[in-house]
Amino acid sequence: MTDACTERYRARVTVGPELYGFPPPETVPDLRWLGPDYVSVLVHDLTQGLLRQDPRTSVMGVRCEGEPRLAPSVDPAGVIRAHDACFPLQVYVQDGAGRPWRLRGRWTYSGRELGTRAASITHFWQLLSAEGI
């Protein structure tokens, strides 16, 4: 990804944590199943998960460290019915006691039965490291 793409996306973000390194939504059509702005969805879901652990947590920034790993699966008719999207992230937070942290991990969305009434999307965070900064 070029810096121009990063800057173009960053210019759209005016409220909330600083966001870096995410491919602009229009350049990743394979993520449309997450909605028109997958980055906002991801940051919202990630923030809500952190707030459940510590209601006074503040997310300061989120950096996507590389291209998301996309893994679609097709049904016998060739239609994508399942899709996983894994994002390598650094998340900068301030905990409820005011201490700053850098969390490194993978945020994954798993979409199942996409395009049907039984469609579901789940997500999970795999923490790889946490260090005070």
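Threonine 108 sits in strand 5, where helices (H or I, at least four residues) and strands (E, at least two) are DSSP runs numbered from the N terminus. With a relative accessible area of 8%, threonine 108 is buried; the cut-offs are under 20% for buried, over 50% for exposed, and partly exposed in between, using a 1.4 Å probe and protein chains only. Leaving aside neighbours within four places in sequence, threonine 108 is in contact with Ala85, Cys86, Thr122, His123 and Phe124, contact meaning heavy atoms within 4.5 Å. The model is a predicted one, in which local features need pLDDT of at least 70 and side-chain atom pairs count only at pLDDT 80 or more, while totals for chains, interfaces and linings use all residues. Residues are numbered from 1 along each chain as its sequence is written, and side-chain values use heavy atoms, with hydrogens and water left out.

As for the overall build, the protein chain has 2 helices and 6 strands, and from the N terminus on these run α-β-α-β-β-β-β-β. Of the 133 residues, 37% count as buried. Taking contacts between residues at least 6 apart in sequence, 52% join residues at least 24 apart. The accessible surface comes to about 7,700 Å², and 53% of that belongs to carbon and sulfur atoms; the areas come from the Shrake-Rupley method with a 1.4 Å probe, and for residues only the protein chains shown count as cover.

Next come the aromatic rings. A search of the whole structure turns up 4 aromatic pairs. Rings of Phe, Tyr and Trp (its six-membered ring) pair if their centres lie within 6.5 Å, and planes under 30 degrees apart count as stacked, over 60 as edge-to-face and the rest as tilted. The ring centres of tyrosine 38 and phenylalanine 87 are 5.7 Å apart with the planes at 15°, so this pair is stacked. Since tyrosine 38 belongs to helix 2 and phenylalanine 87 to strand 4 (residues 80-94), the pair ties together parts that are 49 residues apart in sequence. Tyrosine 38 and phenylalanine 87 are both buried. For tryptophan 107 and tyrosine 109, the centres are 6.0 Å apart and the planes at 75°, so that pair is edge-to-face. Tryptophan 107 counts as buried at 4% relative accessibility, and tyrosine 109 does so at 1%. Ring pairs also link Phe22, Tyr38 and Phe87 into a cluster.

Then there is the largest pocket, with a volume of about 210 Å³. On a 1 Å grid over the protein atoms alone, a pocket is an open set of points with protein on both sides within 12 Å along at least five of seven lines, and lining residues have an atom within 4 Å of a point. Grid points are joined across faces, edges and corners, and the volume is the space filled by probe spheres set on the points. The lining is made up of Leu50, Gln53, Asp54, Thr57, Val93, Asp95, Trp101, Leu103, Trp125, Leu127 and Ala130. Helix 2 (38-53), strand 5 (100-112) and strand 6 (120-132) each supply at least two of the lining residues, and strand 6 gives the most, with 3. By class, the lining has 7 nonpolar, 2 polar and 2 charged residues; here Ala, Val, Leu, Ile, Met, Phe, Trp, Tyr, Cys and Pro count as nonpolar, Asp, Glu, Lys and Arg as charged, and the others, Gly among them, as polar.

Tryptophan 101, one of the lining residues, lies in strand 5 and is partly exposed at 28% relative accessibility. Its C-alpha atom is separated by 5.6 Å from that of glutamate 131, 30 residues apart along the chain. Not counting residues up to four places away in sequence, tryptophan 101 touches Val91, Tyr92, Val93, Asp95, Ala130, Glu131, Gly132 and Ile133. Leucine 128, in strand 6, is 24 residues from arginine 104 in sequence and 5.5 Å from it in space, C-alpha to C-alpha. With residues up to four places away in sequence set aside, leucine 128 touches Arg104, Gly105 and Arg106.

Glutamate 113 is found in the loop between strand 5 and strand 6. Its phi is near 55°, a positive value in a residue other than glycine, and at 43% relative accessibility glutamate 113 counts as partly exposed.

How values were computed
1 Å grid on protein atoms, 1.4 Å probe; cavity = no way out; pocket = protein on both sides within 12 Å on 5 of 7 lines; lining within 4 Å.
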